[in-house]
Protein chains: 2
Amino acid sequence: MALIVQKYGGTSVGSIERIQHVADKVIAARQQGHDIVVVVSAMSGETNRLVALAKGISDPPKPREYDALLATGEQVTIGLLAIALEAKGCPARSYTGGQVRILTDNAFTKARILEIDDQTMRRDLAQGTVVVVAGFQGVDADGNITTLGRGGSDTTAVALAAALKADECQIYTDVDGVYTTDPRVVPTARRLDKISFEEMLEMASSGSKVLQIRSVEFAGKYNVPLRVLSSFEENSKGTLIAPEDASMEQVLISGIAFNRDEAKLTILGVPDKPGIAYQVLGGIAEANIEVDMIVQNIRTGSDTTDLTFTVHRNDYKKAFGILQDIAKQLQAQDVQGDDKIAKIALVGIGMRSHAGVASQMFKTLAEERINIQLISTSEIKISVVIDEKYLELAVRVLHQAFDLEKIPTL
Amino acid sequence: MALIVQKYGGTSVGSIERIQHVADKVIAARQQGHDIVVVVSAMSGETNRLVALAKGISDPPKPREYDALLATGEQVTIGLLAIALEAKGCPARSYTGGQVRILTDNAFTKARILEIDDQTMRRDLAQGTVVVVAGFQGVDADGNITTLGRGGSDTTAVALAAALKADECQIYTDVDGVYTTDPRVVPTARRLDKISFEEMLEMASSGSKVLQIRSVEFAGKYNVPLRVLSSFEENSKGTLIAPEDASMEQVLISGIAFNRDEAKLTILGVPDKPGIAYQVLGGIAEANIEVDMIVQNIRTGSDTTDLTFTVHRNDYKKAFGILQDIAKQLQAQDVQGDDKIAKIALVGIGMRSHAGVASQMFKTLAEERINIQLISTSEIKISVVIDEKYLELAVRVLHQAFDLEKIPTL
């Protein structure tokens, strides 16, 4: 008997019929003798409806109130799923984030989970009750309702799995696993049976939409085995995201992640002295804007430098304004920006012991005359920023160049 | 400077535009120097949408989960109204029933308020913040979300006004006050400037839909002056519901209330001995079904009796089943029921010192050949149950017979 946390996304609970289907899946898992905690998102379309109401009144809406509003989306789903489970004879209890005390900081609209009280859930599980928890939300220390930001329901699921020391955290979604790249862009993309936390983290941070990055961080940190599955296909085992093992190390590249959600900002001609990166990026961080890639170039023959970074495209205007203020303070030369960019990343733990991946990547792009605007590398990832219009072409040629459609031989 | 609790119903907050309008009204009251607590219902249509979702899955839905679901309706409105107020420069904070700890019992779907913690609200008011509270909901001692049942938002408003010792509780609705009877049935019905708690209580309990009965009980008990106003008409002062005063006593009949929400049940041939009413009605009460009228007839020349009572029409089937079980236990003769009935009540504190009201009422109905099925009287009310199809006719002739269209001369 295992303790399993299952998470169902908005599409999986998008109608009464689908909620009934989820209830059947939960009951099937329970009948195999498992204790089940279910985390659900808002029904698809519901969050958009609420966002439209709020923004019809004020844009941006006051964050504290916006969170109280958005949190209702998941609360509707937990009520409906618990009703469905009970109607099918399966004891179930629904809980909002506040009711199981998913304690977060008070960064409304993008709060972070600090602590989870597992008492209530354990009591229910001990009584054979299925616990149904609203994803995406929590409460701060003052009892204000908070939300976790984009994809927060995945994070809720993993955080609950960690708090409860669950045997597996299953993320049910509308795709049946993690692919070498987006099959809509590369039809020969292949589903991976297994991927390491580190690779998944890099895939997620580079825009693979299957899982939210924080959920993978959490899962890695607390060693929660994470499985991505389809809510609609019954026979796929999905992709298991787990600690690195021997077989994985043979694989050079696991996948190609990409996104168009970012925008690039450059501050030109800032004095090149210690602390300058902090002065520039500190102001951005204070505004709660997350920075992704950061590249600093040295200008030959000058005592100034240029600093380029990328932020989420939604934060572009705000970041641009802040950067202009910073530029004034630092007497920098200029601020430039571009929100028509795309980021592509090759990810693979095999990269650590293989040279030549970067040069193969650059050669492949050069052959298609695709200009690389920024490069950033980590131990298991090489990311480049290119003009948005070349994105699909670049992903296709890289997928082919690295033979990702083929099952790797061990 | 006064402390005013304002309550806006579903129609008043039924769209973004109307929520903006409510925000303007709140701000206007605040600019007159008042401290404002606002209680809101779900946007019109929203509760029905949620009910349809739940009942599409299971009917009846599990009460605890149903309440968690329905409570989202009001939570959406508090978020949106607080966003609107903040956008107009008025500091505001939204609270769910749980967040201001409106403590109730655990009778899901019809919970009763036990206690309210006014600390958070007082702190906000002291800082000049408008407090926006979700009506209709609370939490029980275990932190489960509860709802107060039909019209519960009025009850929330009055309970908050009582807890905060507010100077006035204003109920904004789509009618501009309390009328002598429903103007849709009697076009000459007249708006009352003032009515006593006792009369309003009898009006409400007899089906006048303007206010929910528990809210009037609360208001009377804690002496909270209650004003019913229109959200849409700017210049009407509505109807003030307040303690009885000298001028009111001159009025014979204040109004005619009626409803079609009830059903009649009779248990025939039960042994006529002490405790029998308790044995019959105790079982109904245990099922949390509210009983309205109760009439017991003595059968001449028999040691058995018949007991008739009315319940809400929604509870009819359930009550019928329970009554059949009770009949078996008591070896009663039969159980009969009718859900095609209507109740009409004449209400007026003047009745206490005037004889002849009942006989005038019965004469008026007899002249129209309307058969009276049940009669029940209180100090300031005479209620009769008749066949549903005569309802409108009966209300019209009674309104005329008692000259209710005329402003009373003092």
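Residues are numbered from 1 along each chain as its sequence is written, and chains are lettered from A and ligands numbered from 1 in the order in which they are written. In this predicted model, local features need pLDDT of at least 70, side-chain atom pairs count only at pLDDT 80 or more, and totals for chains, interfaces and linings use all residues, while side-chain values use heavy atoms, with hydrogens and water left out.

**View 1**
Helices (H or I, at least four residues) and strands (E, at least two) are DSSP runs, numbered from the N terminus. Gly9(A) is buried, at 9% relative accessibility. Buried means under 20% relative accessible area, exposed over 50%, and partly exposed in between (1.4 Å probe, protein chains only). Leaving out residues up to four places away in sequence, Gly9(A) touches Ser41(A) and Tyr172(A). Contact here means heavy atoms within 4.5 Å.

Asp174(A) lies in the loop between strand E9 (168–173) and strand E10 (194–196) of chain A. At 46% relative accessibility, Asp174(A) is partly exposed. Its side chain makes a polar contact with the side chain of Thr173(A), at 3.0 Å. A polar contact is a pair of N or O atoms within 3.5 Å; within protein, one must be able to donate a hydrogen and the other to accept it, and residues adjacent in sequence count only if both atoms are side-chain atoms. Beyond residues up to four places away in sequence, Asp174(A) touches Thr11(A) and Phe232(A).

**View 1. Salt bridges in chain A, and a network that includes both chains.**
Side chains of opposite charge can pair when their charged atoms come close. A search of the whole structure finds 45 salt bridges over all chains. Each is a side-chain nitrogen of Lys or Arg within 4 Å of a carboxyl oxygen of Asp or Glu. Asp118(A) and Arg122(A) pair at 2.9 Å, N to O. Asp118(A) is buried at 16% relative accessibility, whereas Arg122(A) is partly exposed at 35%. Arg191(A) bridges to Asp176(A), with the closest N and O atoms 3.6 Å apart. Both residues lie in the loop between E9 and E10 of chain A, so the pair ties together parts that are 15 residues apart in sequence. Arg191(A) is partly exposed at 25%; Asp176(A) is buried at 11%. Lys340(A) and Asp339(A) meet at 3.5 Å, N to O. Lys340(A) is partly exposed, at 48% relative accessibility. Asp339(A) is partly exposed too, with a relative accessible area of 25%. Elsewhere, salt bridges that share partners join Glu46(A), Arg49(A), Glu46(B) and Arg49(B) into one network.

**View 2. The surroundings of His34(B).**
His34(B) is found in the loop between helix H1 (16–31) and strand E2 (35–40) of chain B. At 19% relative accessibility, His34(B) counts as buried. Its side chain reaches the backbone nitrogen of Ala2(B) at 3.2 Å. Neighbours within four places in sequence aside, His34(B) is in contact with Met1(B), Ala2(B), Ile4(B) and Ala29(B).

Two copies of a chain are related by a rotation about an axis and a shift along it.

**View 3. The buried face of helix H10 in chain B.**
Helix H10 (residues 357–367) of chain B has Val357(B), Met361(B), Thr364(B) and Leu365(B) as its buried residues. Seen down the axis of H10(B), these fall within an arc of 95°, so they line one face of the helix. The arc is that of the directions from the helix axis to the C-beta atoms. The buried residues of H10(B) pack against strand E18 (341–347), strand E20 (381–387) and helix H11 (391–401) of chain B. Arg369(B) follows H10(B), with a positive phi near 60°.
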